[in-house]
Amino acid sequence: MKYQAPRGVKDLLPPESETFRLLEEEISALFALSGFREVRLPIFESAALFSRSIGESTDIVEKEMYLFEGKGGERLALRPEGTASLLRAAIEHRLAEPGRTTRLSYQGPMFRHERPQAGRLRQFHQAGAEILGTNDPDTDADLIAMVSRYAEKTRIPGSTLLINSMGCEACRPAYRTRLVAYLEDHKNTLCETCLRRTATNPLRVLDCKVEGCQAVLEAAPPLTEFLCASSRDHFDSVCRGLADQSIPYTLSHRLVRGLDYYTETAFEWVSDALGSQSTWAAGGRYNGLVSSLGGPDIPGVGLAIGIERLHLLREKAATLPLPTDPPVMIALHPLDEASRGYIHRILSSLREENISAVGLFGQSRLKKAFVSAEREKARYIGLAGEDERESNTLTIKDLATGVQKTVPAFPAASLADLLRTGWGAES
Ligand SMILES: [Zn+2]
Ligand SMILES: [Zn+2]
């Protein structure tokens, strides 16, 4: 029996797993600088949480969720996104209360049963940041600025910020009616999905990527022309807030996020370096979501960054964070049986000094030990036999320069310093 990873999921192997971790740490630091504090969320939740928040007639809930039954018969789902879980946690633990602003972030794998294609995995990673408790448009502008500045600083290629307003409960119904009328007038040119969505979730029709639908959808009436005074005001203020900070943006009347819960501001960062899967970060305001999940009536705004796509873009930009330390600083080899204990002592004392060290115990021949040390990508090999044991020393060879030295093994702090600074080609 040969086992393989399931279709659509990917093992993250070194060194990619290492840059991935650095990237995640970088995003955590970015969020922390803007006052977000991390919540570790469960990987699965009650399925109803997602159908309630994301919307029954969305692709995610209709066909992409991984559903399973708990031992007690409860319907559970692997989380397809993070916002619903985060809000559930915020409500449950009373982190979201009227009259106060709470900034929370999360990070981790999400699961969607999508057709596997380039840049799309069934287990993918997202980092998200949510601000609960304020409807102030400058909050939206500030949140957007955090990611736009980051994109600028890390030179993400071809990145554009798209923004739109989704309106509110007061103005969206009139627009929806108008849009449905327009779509029905053009139903002969629309694809099957568009026709189905015209009935179930007409705003999502604007999102269709099918070639034949583009001309009709481009010419569809824009939601921004139907905004009520307060939605108009909110949207104008967000745009002004971005302009004040010299953050470039493009208005996109067809930007409707794929999830039902968005209200007012919707935004997305796309990159032409990504091909058809062009969105690498996205978010929006969701003023009714907390209360619809049983929490207090408080507004919220948030965003999520797709880590796989970010990784790809940073790779293209040659700005991926790379591990600076060698994976292993030193590989230690006992030259005889009696030196094994001595090698153990040096290994643990070096690790105490934060030096990465491995023991080459499986190799009886010196030549093989050198091959193993190279394979470990160690910077040095350290050898100890009877002489070293008796004089409390270690023979070290710098594998890059070939220079060899016998040095005191203790105190370990001095040995660690020597390994860190190295001694180059001299001596
Ligand atoms: Zn409105
Ligand atoms: Zn279509």
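I checked the geometry at the zinc ion (ligand 2) in this predicted model: its four donor atoms subtend angles of 104 to 114°, so the arrangement is tetrahedral (four donors, all angles between 85 and 135 degrees). For reference, I noted that the ideal angle for four tetrahedral donors is 109.5 degrees.

I listed the donors (N, O and S atoms within 2.8 Å of the metal, or 3.2 Å for Na, K and Ca; water is not among the atoms): the SG atoms of Cys191, Cys194, Cys208 and Cys213, at 2.3 to 2.4 Å. Their spacing along the chain reads C-x2-C-x13-C-x4-C. Cys194 sits in helix 7 (residues 192–200) and Cys208 in the loop between helix 8 (202–205) and helix 9 (214–218), so this pair ties together parts 14 residues apart in sequence. Helices (H or I, at least four residues) and strands (E, at least two) are DSSP runs, numbered from the N terminus.

I then looked up accessibility (buried under 20% relative accessible area, exposed over 50%, partly exposed in between; 1.4 Å probe, protein chains only). Cys194 is buried at 2%, and Cys208 is buried at 7%.

I recorded the domains, whose bounds come from an automatic or database assignment: domain 1 covers 16–171 + 227–316 and domain 2 covers 328–421. Their C-alpha centres are 49 Å apart.

Lastly, I located Phe68 in strand 3 (residues 67–69); Phe68 is partly exposed at 33% relative accessibility.

Residues are numbered from 1 along each chain as written, while chains are lettered from A and ligands numbered from 1 in written order. Local features need pLDDT of at least 70, side-chain atom pairs count only at pLDDT 80 or more, totals for chains, interfaces and linings use all residues, and side-chain values use heavy atoms, without hydrogens and water.

Terms used
Four donors count as tetrahedral if all angles lie between 85 and 135 degrees; four count as square planar and six as octahedral if opposite donors are over 155 degrees apart and all others between 65 and 115; anything else is irregular.
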